[in-house]
Amino acid sequence: MMGANPTEWHAQSVEQVTQLLETDVERGLKEGVVLQLQKQFGPNELKGQRGVNPWKVMLGQLTNGLTVILLVAAVVSFAVQDHAEGGVLAFVIIFNASVGFVQEYRAEKTMDALRRMASPTAKVIRDGGLDRIPSLGVVPGDIIVFEVGDVVPADCRLIEVLNLEVDEAMLTGESLPVAKTVEAIKGENATVGDRLNMVYSSTTLTKGRGKGIAVATGMNTEIGKITKSIAQAGQSSTPMQKRLNRMAYILFAISLLLAVIVFAVNKFEFTTDIIIYAVSLSIAVIPEGLIAVITIVMALGVRRMASQQALVRKLVALESLQAVTNICSDKTGTLTQGKMTVTTLWLPGMEDQYSISGNGWETSGEISVREQAIGAPECLTDLRFRLLVECSALCNSANIVEASEGKVWGDPTEIALQVLAYKLQMGKPTFRTRKEPITEFPFSSAEKRMSMLYRDVARDAFEIYTKGAENVLAICDRLLENGEEVEIASSDEFMQSVSAQIQLMAKQGLRVLVVAYRSVSEKEMGKSVSKWERVDVERNMAFLGLVGIRDTPRPESKVAVDQCYDAGIIVHMLTGDHHDTAMAIAREVGIIRPAPNSAEESVVPMYSPVMTAAEFDALSEAQIDDLNELPLVIARCTPATKVRMIEALHRRKKFAAMTGDGVNDAPSLKKADVGIAMGAGSDVAKQSSEIVLTDNNFATIVMAVSEGRRIFSNIRKFILHLVSTNVGEVIVLIIGLAFKDRNGVSVFPLAPVQILFLNMVTSTPPAMALGVEAASKDTMKVPPHTKGLFGNEVMADMMIYGIIMGSLILTDWVLVIYAFGDNQLGPECNSDRILVECNTVFRARSTIMVAFIWMVLLHAYNCRHPRASLFTAEGGGASNLFTNRLLLWSVLIGALMPIPTVYIPNLNTKIFKQETISWEWAIVVFSVVAFFFLSELYKLIKRTVMTNHVI
């Protein structure tokens, strides 16, 4: 089969396309040819539509840096027959991987189910017959028949159209359906939106019918090209992933160094006890519970997000949200409702406009002029107003059953006009007994207007209602004044005044329709109504007025944008709409704001220019980087422009999110640091995103960012808790090597099982409780945190708290053995072979284990706020002491858990290598109180020195 440059199909005549694809517009392809073409081009599908690969999801869980380290540690533990430690580590690894796998696999399966909910089919002509086949089987050269409501199965060159309009918003961003033609489109730079003789895969017919030749299928379609660009866009790790992996490798290196130190201190005698201690010391460096806690906390975050209409496809997306500095959003259906609404009416001679309130397709609203409400009966006393509303209802093919439930059918513009009529209790059903429809003269791309002919039953007269673009003015030669028709005195003045009003409304972001009316009889027309032609009807019309229609912003969009600005997040609008429309919507939702007074302060710049895609794309990367600020609005935006915008933000070291619902959004969704797709959008967009908003609500993004910030803050809290505990352990275990018995063997302050008990049983639950802390009231009032988890303050906190704990624990060890004990370190006290001589050592171990555990539990409350005192509500004390019940119970139960290990016979001596204690409890209490006051002193110093606001 011959081919052609796929970008030139629109430039070819129907005959040329037919010849190139070797098909027949009347009979279609022969079945034998179809089989050959299916082998040549393959199934008509996009790559990546074959379901979810569970092995790939599981592999992603096991390749995390800390997980790899824990695997190595578990293998070593089993190798030296330390089954207790190895078993615990294996449990942690399996538990963490399982939770992460279940969360991501469920999310991917949900997306897969969404993709497969519909089973698309196509009507094709083959061998002279019309067949309905799965869209999968369409091949280039197939003759495809389209009707209203059909989803286009492949890119097609149109060969027949009848009032055909297609919704291409998902591909081009244009909110209005596009009227199609069959004439060849000449010109080298015709964009997808300008190729009016083409229809594209996955777009939807909203009006009329037609026939076309499939010219591209599968990955060769416009959607396929976007999918390829998505595949080429690599996905980098999030900041937290990078830092956790880096931390894992650093800790691994430290653990190896400490193991070498243990062997060196013991003169490289590789006995089982020394090997076990070396492994235990290495494990003490690594926060075993960290991955499990992060996974569980993020899984809980996923559940919270799902309950608030956000499906998280990747757990790490929650962390990514907190760092977002810029959100690049589509307009149609994201910032706006995706529903056309009549908001403005203008009648000739008026200085002002009528404003119509109401959201979307709700059939209730108020009419006002200069913010003064006017009742519907008063408005309808003006014959021009009443006839304009009649025209909206009757020159209309849309149907409304229950608009509030979305039960509407038809072209979005006609739905908007019908909703206007319903608001004034003049919907089409109210005219059924009074107005008899005679003939429809449908909208066409040539005429750019639609007319309906009715018979007024009561007057037995004929009425013509016309609506359309500005060219309707050309068929108007009269006006209505005081209920009477009068001829227009000056055509030029009339055209100038109306054109000025149309331009004014366009600058308000409105699509303007001209409405006209005519009452005529068969006698005046000079022939029977059955013989009236369009040219007879559409003349000598009376101009009624102008109707302004817009894609109304969501009521919550402005609030959401304001919250973004308060949080230091700049919102950009990238849309396929015209410059004036985009600018008007951006002003209304608060993206474009007036410059603040010089005395005022602002978190972010309050002004940035509006540019078209042509202007932005004409700039080189260097010129874009030289701009003081990137544009807040880009109109007539293309997929390539959106990607360039994300790249420009990345060059400025910004962390960018992209929201959208169309296929055209997919490349930038993939390229962005966080891709946020709309649930009502295309499958391609959903596959390219990390988060899907099931309610399609921009305001949900604010909730998602707030949740991401809460989770990040909580992750920082429990990492501080876990790592500072590990620092304390390492200090105790390393310095503890200096305590040697008479045989020159180091006596370990903590036994291996004690270390694991401390890390996993008593340290992990409070850390997990910190992960579910409620969000601070200032969460969305501080700038994004882009410096990662381990800032200077956090690193200092880890070391200081660890040093305080380690020093106090070593002090307890010395007090029990040397100050109040027998000053003896018995032989072989690392085992339970000689209990009598090791009694003091075992009692010291019990003392420091209980003291350490209680300090760790108290430290969890310390970590609720980096600087505020525990005596205050902000610091987690006072009135907030009991707000986190999981933390409260974790601390209370954790404080009791070490007691049985101290007093149960055999369990204490054989497993934990410790002994019962009595007077030592005084040392435990004293050291815990000392830790509390030293922590408060450290926070007091920080509050004095540091002035920046933290949460």
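Tutor: A disulfide is a pair of cysteine sulfur atoms within 2.5 Å. Keep that cut-off in mind; the model here is predicted.

Student: What makes cysteine 829 and cysteine 838 a disulfide?

Tutor: Their S to S distance is 2.0 Å. The cut-off is within 2.5 Å, so the pair qualifies. In general, such a link is a covalent bond between the sulfur atoms of two cysteines.

Student: How many disulfides does a search of the whole structure find?

Tutor: One.

Student: Why is the link of cysteine 829 and cysteine 838 given a hand, and which one?

Tutor: The angle about the S-S bond is -95 degrees, and the link is left-handed.

Student: Why is cysteine 829 called buried?

Tutor: Its relative accessibility is 2%. Buried means under 20%, so cysteine 829 counts as buried. Cysteine 838, at 0%, is buried by that cut-off too.

Student: Cysteine 476 and cysteine 863: buried or exposed?

Tutor: Cysteine 476 has a relative accessible area of 9%, which makes it buried. Cysteine 863 is at 3% and is also buried.

Student: How do you know that threonine 341 is buried?

Tutor: Its relative accessible area is 2%. The limit is under 20%, so threonine 341 is buried.

Student: Where is threonine 341 found, and what does it touch?

Tutor: Threonine 341 is in strand S10, residues 336-346. Leaving out residues up to four places away in sequence, it touches Gly358, Gly360, Ala416, Lys423, Gly548, Ile549, Arg550 and Thr552.

Student: What makes strand S9 and strand S23 a pair?

Tutor: Four bridges join S9 (residues 326-329) to S23 (residues 570-574). Pairing needs at least two bridges, so these strands pair. They run parallel. Asparagine 326 stands opposite isoleucine 570 in S23.

Student: Which sheet has S9 and S23 in its order?

Tutor: An open sheet of eight strands, ordered S8-S28-S27-S26-S9-S23-S25-S24, with mixed pairing.

Student: Why are S8 and S24 called edge strands?

Tutor: Strand S8 (310-312) and strand S24 (610-612) each pair on one side only. The twist in this sheet averages 20 degrees from one strand to the next.

Student: Which helix lies across S23, S24 and S25?

Tutor: Helix H20, residues 579-589. It runs at about 155 degrees to S25 (633-635).

How values were computed
Residues are numbered from 1 along each chain as its sequence is written. This is a predicted model: local features need pLDDT of at least 70, side-chain atom pairs count only at pLDDT 80 or more; totals for chains, interfaces and linings use all residues. Side-chain values use heavy atoms; hydrogens and water are left out. Buried means under 20% relative accessible area, exposed over 50%, partly exposed in between (1.4 Å probe, protein chains only). Contact means heavy atoms within 4.5 Å. Axes are lines fitted to C-alpha atoms, for helices over the stretch in contact, and angles run from 0 to 180 degrees between N-to-C directions.
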